[in-house]
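This note is written for a colleague who is new to reading structures. Please keep the sequence and the model in view while working through the numbered points.

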Amino acid sequence: MTTEWYIVLSALLFATGASGVLIRRSPVVILLCLELMLNAGNLALIAFSRMVGNEEGQVFALIVMVVAACEVVVGLGLIVAIFRRRLPLNVDDLRELRG
Amino acid sequence: MEEVVFFVAALGALGGAIAVIALRNPFYSVLALVVHLFSLAALFLLLQAEFAAAAQIVVYAGAVMVLYVFVVAYVGGVEEPTWEPIPGQRLLAPLLGLALFVELSIAVLGSSLAALGTGGPEVEAGFGTPEAIGRLLLEKFLVPFEAASLLLLLATVGAVVLAARRKKAGAAA
């Protein structure tokens with residue numbers, strides 16, 4: 001398979017994740033859609049790493065996984081905190097910071 | 001053979017991604033993401049990124065997804081209202097996603113990178129093994145590696161502070 005296929009698949013997955021962020025209202029599912037986009041980026045990084053014949057892109061993808069894990073931990077902590085305060089778990093209702 | 005594996009894994013990844021955004025129950029969305037992650041690990045194996053594939057399954061499909069399942073079980077299935085704050089949001093968003101895909105495809109395929117149409121150069125047998133990645137991480141990329149571990153520690157402490165149960169209103173978190 002040529003690199004183009006992987007890159008086009010990665011673009012398709014990224015667009016899916018971006019539409020998910022636009023459609024969904026639940027913060028948990030929005031975090032899942034962020035995962036989709038980060039994973040699409042990882043796929044592109046690893047495909048380009050294979051194309052160049054150099055493993056440094058894979059190291060980059062591993063660091064992206066670490067950052068994604070941190071983002072998940074903090075995001076889920078926020079969701080638990082929101083739930084404990086009996087606030088609605090809906091990003092449209094959480095608009096206190098809006099001017 | 002390679003083509004068959006690629007298309008099966010690509011269908012799994014894409015189907016999982018669409019199921020994540022289409023299923024109404026967050027619990028099913030998490031399970032769909034697990035399917036997506038396993039398919040991506042198969043694609044990583046096709047690209048000879050063995051260590052990245054193993055990390056994908058162990059870290060993502062293992063640890064991170066368990067975290068998601070726990071939080072979804074704790075929070076409970078929250079039904080999303082069908083009311084739309086922006087009229088036509090459900091129709092507009094996929095159109096914007098499609099526009100993004102077309103734009104990304106034009107940007108990549110129009111970049112006239114000559115190597116895009118090839119499968120990449122022949123690589124030696126040790127490409128992408130834990131040994132090769134470990135050498136890179138501990139020799140060339142030692143500072144990013146340590147920064148990543150520090151970031152993980154900070155995120156853990158932050159999550160504990162955020163989600164800890166407050167004992168009294170005035171007490172420290």
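1. Helices (H or I, at least four residues) and strands (E, at least two) are DSSP runs, numbered from the N terminus. In those terms, the elements of chain B run α-α-α-α-α-α from the N terminus on, a total of six helices and zero strands. Chain A follows the pattern α-α-α along its sequence, with three helices and zero strands.

2. The model is predicted: local features need pLDDT of at least 70 and side-chain atom pairs count only at pLDDT 80 or more, while totals for chains, interfaces and linings use all residues. Residues are numbered from 1 along each chain as its sequence is written, and chains are lettered from A and ligands numbered from 1 in the order in which they are written.

3. Chain B has two domains, domain 1 (1-79) and domain 2 (141-173); such bounds come from an automatic or database domain assignment. Taken over C-alpha atoms, the centres of domain 1 of chain B and domain 2 of chain B are 26 Å apart.

4. The overall dimensions come next. The radius of gyration is taken over C-alpha atoms, and the globule rule is 2.2 Å times the number of residues to the power 0.38. Chain A has a radius of gyration of 17 Å, whereas a compact globule of 99 residues would have one near 13 Å.

5. How much of each chain is buried? A residue is buried if 20 or more other C-beta atoms lie within 10 Å of its own, exposed if 12 or fewer, and partly exposed in between, with C-beta atoms placed from the backbone. Buried residues make up 54% of the 99 residues in chain A, and 25% of the 173 residues of chain B.

6. Two residues are in contact if their C-beta atoms, placed from the backbone, lie within 7 Å. The contact between the chains takes 61 residues from chain A and 71 residues from chain B. On the side of chain B that touches chain A, α4(B) gives the most, with 13 residues. By class, that side has 55 nonpolar, twelve polar and four charged residues. Here Ala, Val, Leu, Ile, Met, Phe, Trp, Tyr, Cys and Pro count as nonpolar, Asp, Glu, Lys and Arg as charged, and the others, Gly among them, as polar.

7. One helix pair across the contact deserves attention. Helix α1 (residues 3-23) of chain A and α1(B) pack at an angle of about 10 degrees, with their axes 9 Å apart. Axes are lines fitted to C-alpha atoms, for helices over the stretch in contact, and angles run from 0 to 180 degrees between N-to-C directions. Consequently, α1(A) and α1(B) are roughly parallel to each other (angles under 35 degrees count as roughly parallel, over 145 as roughly antiparallel, 65 to 115 as roughly perpendicular and the rest as oblique). The residues in this contact include W5(A) and L9(A) of α1(A) and F6(B) and A10(B) of α1(B).

8. Finally, consider L96(B), which is found in helix α4 of chain B. Is L96(B) buried or partly exposed? L96(B) counts as partly exposed because it has 13 C-beta neighbours inside 10 Å. Not counting residues up to four places away in sequence, L96(B) touches S19(A) and L22(A).
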